[in-house]
Amino acid sequence: MTANETLIPVNVITGFLGSGKTTLLQRLLASPRLANTAVLINEFGEVGLDHLLLKRVDTETVVLQSGCVCCTIRSDLTEAMRDLFGKRERGEIPPFDRLAIETTGLADPAPIVFTLMAEPVIRHHFRLGNIIATVDAVNGALHLADNPETEKQVAVADRLVLTKTDMCSVEQARLMKDTLRRLNPSAPICESAVDDIDPDALLANDLYDPTTKSDEVRRWLRDEARNGAARGDGHALDVNRHDRKIRAFCLTYDQPLDWTAFGIWLTMLLHAHGEKVLRVKGLLNVIDAPTPVVIHGVQHVIHSPVHLERWPDGDHRSRIVFIVRDLEQADIERSLAAFNRLGDVERRVA
Amino acid sequence: MCGLCGVLGTEDHWTDAADNAAAFGGGVRPRRQERLYRVALVNKVLAHYGFKLSDWQGSSYVLTTRTGRSEMIDHLAALWPAVERLAARPCDPLDGALVAALVRDH
């Protein structure tokens, strides 16, 4: 497979209807710093690009004054991505080196992640960058309470954009941020109404970029530790009192992990509970591996493990963040511990 | 192609360390050894269902039941749905009885 550096990173932008996703896209598309980016959106009309237009390539594709390429998704995302890449190869559009994809309001990012990893043509030209979710500070609580899809989008995001904080009280915005941190302890939250939207901060610096992955891992460990302390010593906090209970917690292991046993365990867990495991993110100390191993999954789609040159700090224990729905931390911990010991006899003999 | 996740039989699976050696800083067993080790560990879990897995030509696996039924399995993710179907009972690593059996026996 081609080295990661030459694959085009893909950002997935999700958010409930009316969550400010379109406004975020408008701001990104208007930025001159998006020159090297192609953006796949649902509909031109929704975003309103006329004043930014440089030229129209065909009915689905336009180039903006910044050099950014904007394209609508006709019917099939895979086809749209292949088509865009084809145009790039033929020089019909500027050679973008980053792609952002707008999902529909209720979309599940997991199938997109899967396409990036498994689709035969796509995986040789593109790789996962990060997942961004917009949440509305005014109606977000309602969206989260009524829609499992919204909770899922927040749980799997690498970046959260809280919108419309200028239309609610400071207290309401603070409560929303607390809710988001409980659902997803390690995704940075920016407020689009207040903060400057820096396309590089939002779209770049991802887990799969060889130059930035260490920083990304360091950041989510630090955020996880800080939010874990706020929750009180490893006890997961229930996000809401409804039937659906999302829990975010971090398991820490002093003993190195047996990778083979881990693969057996996690594939079995995802078979039995795939739709309840929203996110798995881990920095692992693996038996016989001299360097740390990063794993990351969105629901049942687990990305290939990622190499890290060195540990972010002196703490070399394995840490695995789970964001799950209707599963108990203690059960997961007990189960993994039992599976991790399966190879004890074989390894002693070897 | 595995219908569940679309992975072709010859494609890397994320669980194969030998196919992702760079991720482990090179600290991986040779592919064949890793496969045999995986089979040994899986069989400790499958004992709970009365099943057995064996390596088939270094490229696939064969799952066999107590009654002699057998099925080809491409990779780990395809194993568990097959076990569940053949055993006609849930295949869940969080199952208290399974965890207790693993702790007791190993």
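Reader: What makes Arg98(A) the bridge partner of Thr37(A) in strand 6 of chain A?

Author: In this predicted model, Thr37(A) has Arg98(A) as its bridge partner in strand 6 of chain A. That bridge belongs to strand 2 (residues 37-41) and strand 6 (residues 98-102) of chain A, which pair in the parallel sense.

Reader: Why is this called a pair of strands, strand 2 and strand 6 of chain A?

Author: Two strands pair if there are at least two bridges between them. Strand 2 and strand 6 of chain A have 4 bridges, so they count as a pair.

Reader: Which order do the strands of the open sheet in chain A follow?

Author: The order is 3-4-5-2-6-1-7-8-9, 9 strands with mixed pairing.

Reader: What makes strand 3 and strand 9 of chain A edge strands?

Author: Strand 3 (53-58) and strand 9 (189-191) of chain A each pair on one side only. Neighbouring strands of the sheet are turned by 20° against each other on average, direction ignored.

Reader: Which strands of chain A does helix 4 touch?

Author: Helix 4 (residues 110-118) of chain A packs on the sheet and touches strand 1 (8-15), strand 6 and strand 7 (126-136). Its direction makes about 170° with that of strand 7 of chain A. Helix 7 (residues 170-183) of chain A lies across strand 7, strand 8 (159-163) and strand 9, at about 160° to strand 8.

Reader: How do you know that domain 1 of chain A touches domain 2 of chain A?

Author: The domain assignment gives domain 1 (4-203) and domain 2 (213-349) of chain A. Their centres, taken over C-alpha atoms, are separated by 27 Å. Contact is judged between residues, with C-beta atoms within 7 Å. The contact takes 19 residues from domain 1 and 21 residues from domain 2 of chain A. On the side of domain 1, helix 6 (148-156) of chain A is one of the elements with at least two residues, and it gives the largest share, 5 residues.

Reader: How many residues of chain B are in the contact with chain A?

Author: Chain B gives 33 residues and chain A gives 35 residues. Helix 1 of chain B gives the most to the chain B side, with 8 residues.

Reader: What makes up the chain B side by residue class?

Author: The chain B side divides into 22 nonpolar, 6 polar and 5 charged residues.

Technical notes: Residues numbered from 1 in each chain as written. Chains lettered and ligands numbered in written order. Predicted model: local features only at pLDDT ≥ 70, side-chain atom pairs only at ≥ 80, totals over all residues. Contact = placed C-beta atoms within 7 Å. Nonpolar A, V, L, I, M, F, W, Y, C, P; charged D, E, K, R; others polar. Axes fitted to C-alpha atoms, helices over the stretch in contact; angles between N-to-C directions. Domains from an automatic or database assignment.
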